[in-house]
Amino acid sequence: MSMYDVCVIGSGPGGYVAAIRSAQLGLKTAIIEREDLGGVCLNVGCIPSKAMITAAHFLHRMQHDGPTMGITASKIDFDMKQLKTWKQSVCDKMSGGVNQLLKGNSVDIIMGEAQWKSKTEIIVKTKDGSKSVAAKNFIVATGSRPIEIPGFQADEKDVVTSTGALDFEEVPKKMVVIGGGYIGLEIGSYMQGLGSEVHVLEAADGLLKGMADPDCVQVVARKLKKKGVQVHLGAFAKSWKKSGKQLEVTAEIKGKKEAIAADKILLTVGRKPNSDEMDFKKVGVQVDEKGFVKINAQCRTSIPNIYAIGDVAGQPMLAHKASHEGVLAAEVIAGKNRVYDAKTVPAVIFVDPEIASAGWTEEECKANGYADLKVGKFPFGANGRAVSMMETDGFVKIIANASNNVVLGVHIVGPEASNLISEAALAIEMGATLEDLALTIHPHPTLGETMMEAAEATLGHAIHIIQKPLRKPANGASANA
Ligand code: NAI
């Protein structure tokens, strides 16, 4: 049995990145995976859902925007089986790419399920038996899985999680989504776009509660309503039954019992860390009351040679946070003096229009001691590129510290919000001010100009919207500060 410098458990965007970085740093590295390389993200999460969202958006644009642009087709056919085939080819390509990258970096890939034997050894249950793997360091990147609620156990046929929903052979005529969070709204939105009648049951009094800027959520909620998605707030799913092929969900909606018919029930009420499947107690790794493996700023657990990254090690459960931690853990093992010091983990919700954020909301700014804020918005409706794309819903909102104009938060709802937010993340990481954004020349005509104009708007002088003057100059001419 050879001794590895690093053994990574789990090959999602946390694990495979950690393994590649470890190998780049000259460490002898192995990676263990029990399912498919790339984990949830590449196989049953981020990537396939974005493929489905792209298809639904494309279909919607052909049906609704095409005729305005003079593009018509006598009949637009949509074949779910073909869409599924294409979606799978996207996942296979990405997973194959991870395989090549790992091999190209001389990482040993071991397919099977890992269990602790000691602090320096694991047993991997493979399809042919079991294999012992010894390593000086371990990086645990085992991810998370969907949670269930009483009365709803996912069988991936009638009651599905995101995994089952991404594998539908046909578009369900009626779908009840339990949970109006990230996954419920992403899948619910694209299913509606593909032709499903969608009901969302959300226990809270608003969608995406505490997950996004409330002004951004309002834009999405309005669009969902316009498209015919039926959102029920204060709605608790209680039970379901099946008669013949038809399902029926019983829910308590604002205290009243209601029954909603469905062909599929999608359960998206959150995810929990996969920390209970490996016996962490055996090696003395501490886990908190929510099941997250406890780590320090170097991703080290309570056992110095065992590291944990990604969903299993705490919120936010986002792929890019996992990758960032993967690089960090590998570099710490290689002897680099690094700590997790990111100021922001940008977040994107791929609904229509997309919501993306970096930094704090106004509420969070106040909770963090910034009471005096400057807040400004610039609408996509006033941006030439957005108008020429027929995608004018939404805005860029910037929140800055009033005393020095340092940007504290950027919240975008609108076209390509997912791509625009990276500039905001960089601005926040660098401690940029409103002037830094406003005085950076942004190319025309692009959606990116909205960031520059939102900064100008926050300073009180955006060019392409009419803003009330903040103060009158001494000579009486009308101008902003
Ligand atoms: P979530 O935490 O985003 O939302 C769950 C929702 O379910 C909440 O709004 C909650 O109030 C509601 N809920 C809970 N119990 C309920 C009940 N009994 N009846 C009705 N509603 C109920 O969870 P979700 O959507 O499963 O996503 C899990 C995580 O996955 C997210 O927190 C996110 O970190 C990650 N994710 C990220 C994505 C991205 O980056 N674009 C996409 C998908 C998931």
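Author: Helices (DSSP runs of H or I, at least four residues) and strands (runs of E, at least two) are numbered from the N terminus. The model is predicted, so that local features need pLDDT of at least 70 and side-chain atom pairs count only at pLDDT 80 or more, while totals for chains, interfaces and linings use all residues. Residues are numbered from 1 along each chain as its sequence is written, and side-chain values use heavy atoms, with hydrogens and water left out.

Helix α1 covers residues 15-24, and it is largely enclosed by the rest of the structure because nine of its 10 residues are buried (under 20% relative accessible area, 1.4 Å probe, protein chains only). The buried stretch runs through Gly15, Tyr16, Val17, Ala18 and Ala19, and continues with Ile20, Arg21, Ser22 and Ala23. The cover over these buried residues includes three strands, namely β1 (3-9), β2 (29-33) and β6 (129-140). Helices α4 and α9 (319-333) are also among the elements that cover the buried residues of α1.

The wider setting is as follows. The protein chain is divided into domain 1 (3-146 + 272-333), domain 2 (159-269) and domain 3 (353-459), with bounds that come from an automatic or database domain assignment. Between the centres of domain 1 and domain 2, taken over C-alpha atoms, there are 27 Å. Domain 1 brings 18 residues to their contact and domain 2 brings 16 residues, where contact means heavy atoms within 4.5 Å. The area buried between domain 1 and domain 2 (accessible area, 1.4 Å probe, lost on being put together and summed over both) is about 1500 Å², and carbon and sulfur atoms give 66% of that area. On the side of domain 1, the residues that lose the most area to domain 2 are Val44, Met80 and Lys84, which together account for 33% of what that side buries.

Four salt bridges are found across the interface of domain 1 and domain 2 (a Lys or Arg side-chain nitrogen within 4 Å of an Asp or Glu carboxyl oxygen). Glu186 forms a salt bridge with Lys50, and their closest N and O atoms are 2.9 Å apart. Helices α3 (46-65) and α4 (80-104) each supply at least two residues of the side of domain 1 that touches domain 2. Helix α3 gives the most to that side, with eight residues.

Thr268 is found in the loop between β15 (264-267) and β16 (271-273), and counts as buried at 11% relative accessibility. The side chain of Thr268 reaches the backbone oxygen of Gly179 at 3.2 Å, and a polar atom of that side chain lies 3.5 Å from the backbone nitrogen of Gly184. Neighbours within four places in sequence aside, Thr268 is in contact with Val177, Ile178, Gly179, Ile183 and Gly184.

Ala454 belongs to helix α14 (residues 449-459), and at 0% relative accessibility counts as buried. Apart from its neighbours within four places in sequence, Ala454 is in contact with Phe378, Val396 and Ile398. From Leu59, Ala454 is 395 residues away in sequence and 31 Å away in space, C-alpha to C-alpha.

Technical notes
Buried area is the accessible area (1.4 Å probe) that two parts lose on being put together, summed over both. Buried means under 20% relative accessible area, exposed over 50%, partly exposed in between (1.4 Å probe, protein chains only). A polar contact is a pair of N or O atoms within 3.5 Å; within protein, one must be able to donate a hydrogen and the other to accept it, and residues adjacent in sequence count only if both atoms are side-chain atoms.
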